[in-house]
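Thanks, everyone. I'll keep this short. Have a look at the model first, then I'll talk.

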There are 2 protein chains.
Amino acid sequence: MEMDVLAKLKGFLASAELPDDGRLPPERELAQSLDVGRAVLRKALATLQAEGTVWRHVGKGTFVGDRPIDTFADINAMVQRTNPLEVMGARIAFEPEVTRCAALNATGAQIAEIRNCMIKAQQAPTWRQYEQWDNRLHRTIGEASQNSLLLGLLDTLNAVRRAVTWGRLRQTPVRPPADHHSFAEHEQIVEAIADRDGAAAADAMRRHLRSVESHMRDMR
Amino acid sequence: MEMDVLAKLKGFLASAELPDDGRLPPERELAQSLDVGRAVLRKALATLQAEGTVWRHVGKGTFVGDRPIDTFADINAMVQRTNPLEVMGARIAFEPEVTRCAALNATGAQIAEIRNCMIKAQQAPTWRQYEQWDNRLHRTIGEASQNSLLLGLLDTLNAVRRAVTWGRLRQTPVRPPADHHSFAEHEQIVEAIADRDGAAAADAMRRHLRSVESHMRDMR
DNA sequence: TGCTTAAACCAATTCAATATTGGTGTGCCT
DNA sequence: AGGCACACCAATATTGAATTGGTTTAAGCA
């Protein structure tokens with residue numbers, strides 16, 4: 001039998017320069033290069049795969065290194081373990097710092113959109129639409145941080161929040177009152193971001209969320 | 001002028017059966033259906049969009065309902081969109097606040113375990129084991145926040161971090177030097193938590209992560 | 001028999017070309 | 001002015017062909 005296809009293969013891996021993603025040529029080409037049949041090459045590749053130095057997938061190819069993790073941040077698990085109080089705690093811990101980054105990195109267009117969301121929220125004729133614009137305001141602040149990972153975490157947080165807060169949508173009054181506490185707080189946040197004042201922005205967001213939290217308690 | 005294109009459009013929305021994703025026909029078709037020019041239709045659609053009953057995007061179409069935020073709880077998606085610099089930015093924004101919560105809420109047992117992780121990290125004979133204990137230290141701090149949602153977000157952040165930082169494992173020296181900068185920084189963090197001093201804990205963690213970040217830059 | 005090779009086929013995936021779609025401008029008409 | 005038809009653009013969707021790991025089959029060779 002072909003005595004050491006595996007050794008030959010390892011030699012190839014050592015010598016050949018692989019693209020930065022670690023992909024190595026398809027089986028058919030590689031078999032020709034190494035002057036081996038495909039079946040034998042596959043056996044060697046199988047052992048490499050078994051010992052973890054290589055991973056492969058139909059249609060994608062064969063790669064050296066570790067298989068990319070396919071773990072989802074299980075939002076359902078978080079939802080089951082947490083509660084509205086924790087959600088507010090997490091928001092109070094997290095969002096002010098996101099806001100600080102936003103104040104330092106937001107583009108002019110993003111500041112304009114944040115301000116637009118604020119105005120639309122103030123003018124919202126129903127609570128439904130108010131919350132829609134409020135959500136969008138907070139998320140645009142996340143985008144303005146210019147950090148896609150922070151944005152991803154914020155989205156996760158919001159997904160959990162929506163799942164936890166579900167069902168208890170406010171429908172008591174028809175529309176947010178003109179002196180709704182959030183309006184002034186939103187303005188302070190937007191002002192601080194527009195001023196590029198990170199500390200003030202973080203403080204304003206923290207005050208806003210604390211205010212939301214206390215009103216949540218009042219509602220029960 | 002066409003007096004009530006908007007009313008006609010709303011009538012269409014009410015009568016016509018939309019596909020379950022809420023997509024409505026493209027502008028050109030819709031204009032013909034309603035027997036209106038595209039420009040006027042666009043004006044009506046613009047108001048609908050402004051009042052939030054509709055969202056639109058180039059290439060996608062026009063949809064009724066809320067714009068779906070492209071929430072990526074998918075860690076792989078986060079990994080692909082982010083980079084090591086963003087990861088450090090997110091850690092610097094997020095972990096200090098988690099540490100603050102930990103200082104306020106940690107149990108005695110958790111403080112003891114955090115301290116234990118710190119000692120084990122100092123004594124680690126290899127970089128591999130050092131990072132293992134370092135990871136566990138940071139995660140125990142997350143547990144000590146007593147907020148399962150914060151912990152979940154921290155886990156997500158760490159999963160992304162591991163995936164992004166993968167492959168560039170340090171192997172230069174055999175073991176962390178005795179005067180490694182992290183050791184003193186870890187002690188400050190643990191002290192502040194043990195003192196129940198939230199602000200000091202957050203500051204210490206922030207200094208620690210900034211230090212890690214600067215050393216990362218030096219490595220290049 | 002026992003093992004390899006070559007070839008054909010399959011399903012998952014990628015890739016490139018094409019078609020749609022919202023956004024924008026221009027000229028023409030009333 | 002304002003409505004309309006038309007042409008263009010950039011972002012997105014869609015489609016079809018090519019690629020790739022996996023599997024089977026048959027032939028070749030010891």
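This is a predicted model: local features need pLDDT of at least 70, side-chain atom pairs count only at pLDDT 80 or more; totals for chains, interfaces and linings use all residues.

Start with the interface of chain B and chain A. How many residues does the contact take from each chain? Chain B gives 38 residues, and chain A gives 40 residues. Together the two chains bury about 3,200 Å² between them. Of that buried area, 62% is on carbon and sulfur atoms.

Now the specific pairs. The rule finds two salt bridges across this interface. One of the residue pairs in a salt bridge is B:Asp66 with A:Arg128, side chain to side chain, at 2.8 Å from N to O. Polar contacts come next. Nine residue pairs are in polar contact across the interface of chain B and chain A, with both residues at pLDDT 80 or more.

Which elements build the side of chain B that touches chain A? Look at three helices, α4 (75-81), α5 (84-105) and α8 (148-165) of chain B: each supplies at least two residues. Which gives the most? That is α8(B), with ten residues. By residue class, the side of chain B that touches chain A has 19 nonpolar residues.

Last item: chain A itself. Its division gives domain 1 (5-64) and domain 2 (75-219). How far apart do the C-alpha centres of these two domains of chain A lie? The answer is 50 Å.

That's it from me.

Conventions
Residues are numbered from 1 along each chain as its sequence is written. Chains are lettered from A and ligands numbered from 1 in the order in which they are written. Side-chain values use heavy atoms; hydrogens and water are left out. Contact means heavy atoms within 4.5 Å. Buried area is the accessible area (1.4 Å probe) that two parts lose on being put together, summed over both. A salt bridge is a side-chain nitrogen of Lys or Arg within 4 Å of a carboxyl oxygen of Asp or Glu. A polar contact is a pair of N or O atoms within 3.5 Å; within protein, one must be able to donate a hydrogen and the other to accept it, and residues adjacent in sequence count only if both atoms are side-chain atoms. Helices (H or I, at least four residues) and strands (E, at least two) are DSSP runs, numbered from the N terminus. Ala, Val, Leu, Ile, Met, Phe, Trp, Tyr, Cys and Pro count as nonpolar, Asp, Glu, Lys and Arg as charged, and the others, Gly among them, as polar. Domain bounds come from an automatic or database domain assignment.
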